[in-house]
Every structure is written in C-alpha cells, then in structure tokens.
Amino acid sequence: MLKNFCITAVLLFVFASCSQPAGEGGKATTDTTASARDEHTLSNADSVKMQHLDLDIKVDFGTKTISGSAAWAIDNRGKVKTLHLDTYDLTIDSVFVDGKKVVHTLDSMIQFLGSRLNIPIQDNSKEVVIWYKTGKNARALQWLEPHQTGGKKYPFLYTQSESIYARSWIPCADGPGIRYTYTAKVAVPKDAMALMSAENPQQLNDSGIYHFKMDIPVPAYLMALAVGDIRFRSIDSRTGVYAEPTMIDKARYEFADVGKMVATAENLYGPYRWGRYDVIVLPPGFPIGGMENPRLTFATPTIIAGDRSLVDLVAHELAHSWSGNLVTNATWNDFWLNEGFTNYFERRITEAMLGKSFSDMSWELGYQTLVANVAELGKDSKDTWLKLDLKGRDPDDGLTDIPYEKGSHFLKLIENTVGRQKFDAFLRKYFDEHAFKTITTEQFLSYMDANLLHGDSTLYNQINVKAWVYGPGIPPNYPRSNPERFKAADSIAAIYGHGIYGKDIETRNWSTFEWLEFLHKMPDNISIDMVKKLDEDFRFSSSGNSEILFAWFVVALKCKDDYMPAMTAMEGFLSTVGRRKFIEPLYTALMKRNPALAKEWYKKYRSNYHPLAQESLDKITAGQKLS
Ligand code: BES
Ligand code: ZN
C-alpha cells in the first residue's frame, strides 16, 4: 500500500508539473523524448521542422559585423502560414522562400528574447533564405582588437551561443529541443583561420574561405565560430589542440592526456559519437571556463597552468559529448540534466584517471560550493530546485551552482543507493536510448522509474526524488565524501600562523585541490601579517594557477588592510582575464571594500570583457545586486 502510494504520489507530481508537449513536428504525442514547452524561443519549430541550415557568411573585423545568408531547409508539417524565427539585434535585409522574395516582418524587441521574425510560407515550402547582418549588441560575439590577443598582431572573434545567444548571429529556431544539421561557408581575412563546431580545417588556407559540415543534428546553442591567428597541433589520431601561436605549445603540453580522457569516458558510458575531439584555447577574455561546442571544445587560457593541473575542465566539456550534446535538456528549466550529469560524469572520468582519493576532493569542493550557493540564493529559494522556473526571465538566471552541484550530488546519491554497477549500466542505456534526442526532467524521472528504481518504495524513500528535484536547499540525505587528502590541508590551516609556517609543512605533493582547501579554510578576519607570511611561504601572488590565484585573492580581500602584492596581482589578473566565474566575485568583493577602486579598474578593463560579462559587471559596479 505504502509502496503504491509513494510511487503514485511521485508520478502524479511529475506529470502535474510536466508542461504541455510541443516537440518536433507534431511527434510530441508518440515520441517520449519530445520537448516540453520552451519559454525561451519565439519560433514555431514545433510546427515547421527545421531540417538543415546552410550558412554563407562573411566576418568583417573593420565593421565588427557578420553578414550573409542563412538558408534553412524546412518541412512545414503543421501546414502553418507563417514561419517564426528568433533574432536578436539582427538587421534582416531580405527573405526568399523557394527562390521568391517575400515580405517579412520583424516584431519589436522582447527583453532577453529578441525580435520574432515572421516569414510567410506555403504548405509545401522547402527553403527559406534570410539575408542579414549582426548588430552592435550581438550578445554572442566578442570582437577582440589585436592588443587583446596573445600575438597582439591580428584581431580575433569568438562566439558564445549558450543559452539563447545564437539568435544574435544567426536567424534561427533557438531552443535546445530543436536540432538540425548544418553546413557553412565562412569568409575571413586572409591571415585568419576559421573554426566551427563542425568538421574543421587544420591549416590556414590562402583564400580566406572555409567550409564546414556538421552532419549530426545539433541545437542552436551549440553553434560556434572562432576566427583569428590560430594554429593546430595534433595529440593523437582523433584529438588535437588549436590556439594562437603564442599559446599553442603550452596548450599541446597541457592537454597531452586528452586522447586518454576520451577513451576513459568511452569506457564508462559508451562510444564517443562525434568523430574528432579537439580543444581550442581562446584569448583570455573568453567569458567562461569552457564550452562544449561539438567536436571543438572552446576553453579559457586560465586552465593552462603549466603542470596539467586544471585539465578536469576538459573532462567536463568532453563529458558533455554525452550529457548535453547527445542527450539534451529539453528546455533551460531542465538545465541540470545537462550540467548535473556532466559534473557527475566529469568526476567519474577524474576518478578513473587519477584515483578515488583525487575525485573525492573534487566532490568535497563541489559540496562546499553547493552550501555557499544555497546560502547565497536563500535556502527556501525556488532557484535552488533542480527543476527551474525561468519563465519570463533570462535563462542566465538559472546559471548558478545548483544545476551543477545539487544535480551531481543527486546522481551520486542514486549511485550510492542502487550501487555503482547498476547505476553505470542504467546511465549507459540512458545515453544509448536517448542519443540525439531531447529530454525533460519528468521524462528522465519516469525513465529512471521504469529502468532503475522499478517502483521500489524503499529506494524511493531512501533517495527522496521529490525533495531533490522539486524542493529547495540541500536535502538531509546528501552524500559527502570526506576526502582523506584534505585532512592534512585542514589541520595545517587550523594551526598555520600559530608558530607553524611554510618551512614546517610538507606540501610538495599537494594538488590544486589541496591548495584550494587550505586557502578556503583561512579565517575571515585574517591579519595582514598572516597574509604576508602566507605569500612569503607559498608565493601565492605569483602563482601561475588561476584557481589558486583566485582563491588567494579572496583570502587577501578578507583582510581589512590592503596587501599590496596581492592587489597588484589582482589588477593584472582583472586587466586581461574575462572569465566570469573569477571576475564577478572579485568585482563584487571589491565593490564592498573599495568601490572607487573597483569602478576605476572596471572602467579601464571593461573593453576586455565579453558583452555578457559586461552586462553583469555593469550592474555589479553600479552597486546593484545581480538578479
Ligand atoms: N555549458 C557550460 C557553460 C555555459 C552554461 C555557458 C550555460 C552558458 C550558459 C560549460 O560546460 C560549463 O559548465 N563550464 C564551466 C566549467 C566547469 C564547471 C568545469 C565554466 O565555464 O566554468
Ligand atoms: Zn558544463
């Protein structure tokens, strides 16, 4: 009785919160992976199947615009009279349907979402060609001046399309549940190479024209382009690195194990299905750590530490080749299905490559991040649910640590409850059966019920799915790893400065994680003498490891007096690095401490940051809290 009650209650809840299906081309009722209603696209791709995109564009560094045509092969399955597409700050010059010019309209701008493009079509229309150019406010694009690159000689362009920014450089149906294949012809200045999330060149050609093909259907948020003075180095037969000439050797050294990483991931959850796996290391303004663009991960140079210590970020982006790119969250409300699974998978790769003693540290740091993030958002906040509610909001609002850490801890709890063997077999099947499909939280939960929990009320009670997915904060049954290797860092941190200093401490074998743990445990009211001593002992201010450097700046900012070597290093860091994870907390802390200085630095360095980082930092440095 109890058993049935529990399961019925969970499933009722699950279906009650499942929004109206509106999947691809009317398949919604029969296809269990059809997407739920996506609040963040103005397109009607549920009625008109977007089959293929043929992009023909020119990248102009002089005017900072991309212009050209987007030819969409369509199937008007819903027999609708109008095709609606997403655009954001695009100028639409003309539109042709099956070769005939038509009269299109562009709706007024809706906050976050952009302007809906309306194109009259017939029941049997096959091709829609849109001639367009990008605008000054293209949120996906960062145009770098030569001085903002490593080589300082050539300009650089990169895109960041996740979550809904593809529409600012391509007129498209911009929802994670809408997939299409693409080809592209991209014209760039002669000295530059172009790369996309597709089959890529490995050499500069002298025509300045590059052709691309992605014959596996992908959603718009995985459209990506990088243009600049770029070189390639091979790692093994299916992996390699791209970077500016000034960075290419360091990048090749740092990523030497990426080939092994792909094999390790395959061993866990099945074949890598995208052909090649390459990584491009971008100039330092890149706003995020990494982006899982298919076949070509985009990465920040802040992971090049010189000692391969930060390559777990690559494990994360690689893991997205399964969780995210292969099985995709249906809407941004289901974002934890992309990021929570990927964080879990990343740590499994790390464990397989470096051992449990290592991945345990990553789990613990993740747990600490989760606790801090819940405290920041508020323990009762709906933004701490796994299933998000981003209706009417910028999907960027959902980009917190919750989907990552609460999501991965939920999966770890399930693993612990059912046992690793069963859970791994389940995940492998999940990836196989949902390959190249889209999934909602509710579909995942019912799939898990049918294929893993089998309605077992004891397991349901132990896990408490509802509390994790549709409830706030951290449920009491969270798993905790208690890493052995943090014991030394913790006990040393507790006594450091009380007669114990660097020369007394054995830190030779510490990884980045132990250093982070040590720095996180420094007291809130740390004295200037202790900050000075720490720097003398461990030379943190000149660390080449961005994670350690960042944690060090946080410690220095806790001290009520300015410790100048750290402040100088911080200014140097903020002058070039655009990674939001680092610079947003630093500017926030600086605003509390010395608003005049925060504003002065921001004014000087704002142009080095990506438009999306500028948007949030404009608010932070104006004294507003981020929403
Ligand atoms: N897909 C994300 C980045 C992202 C998410 C960009 C949502 C825009 C909107 C990527 O895989 C990611 O999670 N990057 C992390 C790296 C990490 C957790 C190791 C980052 O950039 O810090
Ligand atoms: Zn991710």
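Helix α6 covers residues 356–377, and its 22 residues should span 32 Å at 1.5 Å a residue, which agrees with the 31 Å between its end C-alpha atoms. The expected span is 1.5 Å times one less than the number of residues. Helices (H or I, at least four residues) and strands (E, at least two) are DSSP runs, numbered from the N terminus. Just after α6, G378 has a positive phi of about 100°.

This is a predicted model, where local features need pLDDT of at least 70 and side-chain atom pairs count only at pLDDT 80 or more, while totals for chains, interfaces and linings use all residues. Residues are numbered from 1 along each chain as its sequence is written, chains are lettered from A and ligands numbered from 1 in the order written, and side-chain values use heavy atoms, without hydrogens and water.

**Around ligand 1**
- The ligand is surrounded by 16 residues (a heavy atom within 4 Å), and the closest are E162, G289, E292, E317 and Y404.
- β18 (290–291), α4 (312–319) and α5 (335–354) each supply at least two residues of this shell, with α4 giving the largest share, three residues.
- Domain 1 (14–36 + 330–470) and domain 2 (49–319) both contribute to the shell, so ligand 1 lies between them; the bounds come from an automatic or database domain assignment.

**Polar contacts** (N or O pairs within 3.5 Å)
- One nitrogen atom of ligand 1 is 2.9 Å from a side-chain N or O atom of E339.
- An oxygen atom of ligand 1 lies 3.1 Å from a polar side-chain atom of H316.

Terms used. A polar contact is a pair of N or O atoms within 3.5 Å; within protein, one must be able to donate a hydrogen and the other to accept it, and residues adjacent in sequence count only if both atoms are side-chain atoms.
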